[in-house]
Amino acid sequence: MPSSSATVKLEYTLVDEIDKIYASLCHGFRSGKLKSIAYRKLQLLQLAYLLQDNIQRFKDAFAADLGRPSLETAFLELDSTISDCKIAYDGVEKWAKTEKAPFRINFTAFNPVIRKEPKGVVLIISPFNYPVWTAIGPMIGAIAAGNSVLLKPSELSSAVSGLIAELVPKYMDPDVVRVVLGAVPQATKLLQYPWGHILYTGSARVAKIVCAAAALTLSPVSVELGGKSPVVIDSKCDLMTAARRILWGKCVNAGQTCIAPDYILVPKEFEDTFVQALKDVHDEFYPNGTKGSSDFGHIVNAGHFARIKNLLDNTQGEIVFGGETNEAQLYIAPTVVKSVQKGDSLMSEELFGPVLPIVPVDNVDEAIEYINANDHPLALYVFSQDAAFKAKVFDNTQSGSAIANDVLVQCATDGLPFGGIGPSGSGYYGRKYTFDLFTHLRASLDSPSWLDRIFKSRYPPYTTKKEEFLRTALGVRLPARPSPASLSRYGAASVTNGYASHDVSTSRSRTTAL
Ligand SMILES: NC(=O)C1=CN([C@@H]2O[C@H](COP(=O)(O)OP(=O)(O)OC[C@H]3O[C@@H](n4cnc5c(N)ncnc54)[C@H](O)[C@@H]3O)[C@@H](O)[C@H]2O)C=CC1
Ligand SMILES: CC1=C(/C=C/C(C)=C/C=C/C(C)=C/C=C/C=C(C)/C=C/C=C(C)/C=C/C=C(\C)C(=O)O)C(C)(C)CCC1
């Protein structure tokens, strides 16, 4: 019997205390101490040590909330977040440096620069599934950028959220970071304040509530959501590597990963070969099965367990292996279901569990068509050794990320932004991108008085001569007008002498431009 999140009682912050917490963060931000890059670095280091000094306590908390294997907690959350602290610690001087605007001779006298300034007091609302990476991860960039941070972690991962709330006051300056524990009442109260930025990670349902509330205070908001991330299989893939990586991506955190491979699109004639490879890999990963295994986690709570089980119970596909569930242990075995049709229960929503539907298709065009008929996913995976196949899938679809021959690693790859598109989210973060998310690019210049000797044409009384001079000063010189032939190659209309032409071969179809 696992110790589920229900066994860890979280002491929620009193709603009445939140005004005081918010005010103290505003005061902390205005104190100006975070203007010092050196102080930001000290806080970043404190954050890294908050994790490093408490690795075993975090591992225990993850085990309580999610049955998370120790290696998964270390590799996916703790080490990668500590590494992100170090990247920010090393990079923040360079990231925060005022930038010169690109050189343009006409504007150089203004000495235009971009100041990298914090947005103020920012709010991070995080989910249960990666409760360190999605909470402390964004906090790193927010602090590096000089913001004060209020974190509202998930109440579902109560052991980890409780531990973060206990450790933050011990390691972090209360002017810089505060944690509010709780659920809807606390989150609703928090959303009543104006924020420098809100970063929300979680479900699309709650994202709509967050965005609507943010609109009332005109707080900028980024939403990191989920969705069904497809995997397109080419029969010319490296079969065993593909099977190993996909099954790993599906079993890590018991499938509760927003960028987990959600379902597989496989050529019909290759389905059985691919399924057999998954079965072989499963037996290699878990020679004694997954029930009671310390290498496999459990579902976060009874609600999510029932949701996934219900989807599985209603599938019309054929269970190849797995299928076993145990409510008391919140256990769902890694399950591969083959011959799944597109209208199946398993294709109706993000699975967020260790169940992998295999959908046979005639060819890659059918796979692309299916992906495009649905919401843009957070991640799209292709397994192929054929460059043309990969390019065809990537070039004809849209998704948060486009990954060939691996899964999940895009999260941790320095230099890559992480974020969705459309229903899978908006905004990007990850290391330098997190710094950018929480940074206001403040346009700045200093115009010298002597400029008026050559630039006074902007002042009244206006004359045609002044207008001509100003046009020259702006340096407006367009390249040659696009020819009707070049536009029609793309099926576009051209505008010539005030007339829009849809059929360039005949002047009869011209319509007057607005
Ligand atoms: N794109 C990304 O980076 C990630 C996306 N996700 C997505 O998150 C989802 C699972 O996370 P859950 O914790 O179940 O999400 P959730 O939406 O239930 O909860 C997320 C957070 O929102 C808070 N919340 C709940 N009701 C609220 C309300 N009315 N107003 C304001 N805040 C409220 C919760 O307390 C929690 O802190 C999945 O869809 C997954 O794909 C998860 C991790 C990363
Ligand atoms: C060992 C030496 C060498 C070789 C080094 C190599 C080949 C290193 C390769 C490292 C790799 C592939 C690291 C991958 C890391 C992936 C991580 C940490 C993934 C993290 C995923 C996360 C956090 C997912 C989060 C998901 C969320 C939030 C969600 O979906 O909900 C050399 C360099 C060759 C020589 C020296 C020794």
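1. Asn129 contributes a polar side-chain atom, 2.9 Å from an oxygen atom of ligand 2. Polar contacts here are pairs of N or O atoms within 3.5 Å; within protein, one must be able to donate a hydrogen and the other to accept it, and residues adjacent in sequence count only if both atoms are side-chain atoms. On its own, ligand 2 exposes 910 Å², of which the protein buries 48%. (Accessible areas come from the Shrake-Rupley method with a 1.4 Å probe; for residues, only the protein chains shown count as cover.)

2. Before going on, please note that this is a predicted model, in which local features need pLDDT of at least 70 and side-chain atom pairs count only at pLDDT 80 or more, while totals for chains, interfaces and linings use all residues. Residues are numbered from 1 along each chain as its sequence is written, chains are lettered from A and ligands numbered from 1 in the order in which they are written, and side-chain values use heavy atoms, with hydrogens and water left out.

3. Which residues are closest to ligand 2? Leu76, Asn129, Thr257, Cys258 and Ile259 are, out of 13 that surround ligand 2 (a residue is near if one of its heavy atoms lies within 4 Å). The shell has ten nonpolar, three polar and no charged residues. In this grouping, Ala, Val, Leu, Ile, Met, Phe, Trp, Tyr, Cys and Pro are nonpolar, Asp, Glu, Lys and Arg are charged, and the others, Gly among them, are polar.

4. Ligand 1 has 29 residues around it, and Lys152, Glu155, Tyr200, Leu225 and Glu350 come nearest. An N or O atom in the side chain of Glu155 is 2.6 Å from an oxygen atom of ligand 1. Backbone N or O atoms also approach oxygen atoms of ligand 1, at 3.1 Å for Phe128 and at 3.2 Å for Gly202. The protein covers 92% of the 860 Å² of accessible area that ligand 1 has on its own.

5. Helix H7 (184-190), strand S6 (197-201) and helix H8 (204-217) are the elements giving two or more residues to the shell around ligand 1. H8 gives the most, with three residues. Helices (H or I, at least four residues) and strands (E, at least two) are DSSP runs, numbered from the N terminus. By class, this shell has 17 nonpolar, eight polar and four charged residues.

6. Two backbone details deserve a look. Most residues other than glycine have a negative phi, and most peptide bonds are trans. Ser339, although not a glycine, has a positive phi of about 55°, and lies in the loop between strand S13 (335-338) and strand S14 (355-361). Pro460 and Pro461 are joined by a cis peptide bond, with omega about -5°. Pro461 is found in the loop between helix H15 (452-455) and helix H16 (464-474).
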